[in-house]
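Keep the picture open beside you as you read.

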Amino acid sequence: MTGRWLYIAGVTLLALAGFGPAAWSQDATTLKKDMIGQWELSTTERSKTCVVTLKNDSAAQGLKLELEPGCATALPFTKDITAWSIKGLDIVRLQDATGESVIDFTEVEAGIFEGLRTGEGIYILQNLAAARSLAKSMDQMIGDWAMVRGNGQVICGLTLTNTEADADNFQVFLKPKCDSLVAAFAPTQWRLEHGQILLMSQTGETWQFEADDNAQWRRVPDAADPLIMLRQ
């Protein structure tokens, strides 16, 4: 938050000095240029997707775009989208024929934007190539895993599935004779988020695992007696 307020203060000072409009225009122009191309619009877990091609040609109230056939079936609200535009410093707007917002996106990390539709939830807009790479990564996660301690002792077996548990997560199953630590945690759901494997229990507890340099997934934050997930 502090960094954002410093940025806003900087823009204000530039405006007072007479350079505000130029700085604003340059930032919006850069974002506009970066957005030209193919994007995947999806639910957070990518169970419903739609390819959107953002163009640099003028349209009524904004810029042209193309939605692939089937978008309105997968994501019904997209039937109202007719153009796109950049609003303010950092908002990518998908809008209707009158220029009103259907959904606004802001960048949460490089090439990944999030937008909220009231009553529906969060949607993701990300570079199409990156999204397909993520899908491939998800496929590679599905299957049997072993959870081991730092000394190599196997303490549990588990299976990550591609069966939806809810709108955002997939089912995970523990195998018999798990260590009491894992059995007490008893994860029932999982997802891949921002490069981490998240395991979640019915009580709301979450364990996070990050890939390390040895192609293993290590629980974070790290501990003296680490937990590691290994693909079987």
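Start with strand E12 (residues 187–193), which pairs with strand E13 in the antiparallel sense over six bridges. A few words on terms: helices (H or I, at least four residues) and strands (E, at least two) are DSSP runs, numbered from the N terminus, and two strands pair if DSSP finds at least two bridges between them. In general, strands of a sheet pair through backbone hydrogen bonds, either parallel or antiparallel. You're looking at a predicted model, in which local features need pLDDT of at least 70 and side-chain atom pairs count only at pLDDT 80 or more, while totals for chains, interfaces and linings use all residues. Residues are numbered from 1 along each chain as its sequence is written, and side-chain values use heavy atoms, with hydrogens and water left out.

Back to our two strands. Glu-193 faces Gln-196 of E13 across the pairing. The hairpin of E12 and E13 has two residues between the strands, and His-194 takes a positive phi near 50° there.

Now stay with E13 for a moment. Is this strand enclosed or out in the open? Six of the six residues of E13 (residues 196–201) are buried, so the strand is largely enclosed by the rest of the structure. Here buried means under 20% relative accessible area, exposed means over 50%, and partly exposed is in between (1.4 Å probe, protein chains only). You can check both faces of E13: Gln-196, Leu-198 and Met-200 are buried on one side, and Ile-197, Leu-199 and Ser-201 are buried on the other.

Next comes strand E14 (residues 206–211), which pairs with E13 in the antiparallel sense over five bridges. Find Ile-197 and look across to Phe-209, its bridge partner in E14; likewise, Met-200 stands opposite Thr-206. This hairpin has four residues between its strands, and Gly-204 in the turn has a positive phi of about 95°.

Keep going and you reach strand E15 (residues 217–220), antiparallel to E14 over four bridges. Phe-209 turns up again here, with Arg-219 as its bridge partner in E15. E15 then pairs with strand E16 (residues 227–231), again in the antiparallel sense, over two bridges, and Arg-218 has Ile-228 as its partner in E16.

So where does all this pairing lead? Eight strands close into a barrel in the order E9-E10-E11-E12-E13-E14-E15-E16, with antiparallel pairing. Neighbouring strands of this sheet are turned by 30° against each other on average, direction ignored (axes are lines fitted to C-alpha atoms, for helices over the stretch in contact, and angles run from 0 to 180 degrees between N-to-C directions).

Gln-216 sits in the loop between E14 and E15, and at 19% relative accessibility it counts as buried. Leaving aside neighbours within four places in sequence, Gln-216 is in contact (heavy atoms within 4.5 Å) with Glu-210, Ala-211, Ile-228, Met-229 and Leu-230.

What about the nonpolar cores? Such a core is a set of buried Ala, Val, Leu, Ile, Met, Phe, Trp, Tyr and Cys residues joined through side-chain atoms within 4.5 Å. The largest one has 25 residues, and Met-35 and Trp-84 are among those with the most contacts inside it. A second, separate core of 22 residues includes Met-147, Leu-158, Phe-185 and Leu-199.

For a contrast, hop over to Glu-66 in strand E3 (residues 62–67). Glu-66 is partly exposed, with a relative accessible area of 43%. Its side chain makes a polar contact with the side chain of Lys-55 (2.6 Å). A polar contact is a pair of N or O atoms within 3.5 Å; within protein, one must be able to donate a hydrogen and the other to accept it, and residues adjacent in sequence count only if both atoms are side-chain atoms.

Finally, look for the disulfides, meaning pairs of cysteine sulfur atoms within 2.5 Å. How many are there? The count comes to two. One joins Cys-50 to Cys-71 (S to S 1.9 Å). Cys-50 lies in strand E2 (residues 49–59) and Cys-71 in helix H3 (residues 71–74), so the pair ties together parts that are 21 residues apart in sequence. Cys-156 and Cys-178 form another, with their sulfur atoms 1.9 Å apart, and both of these cysteines are buried.
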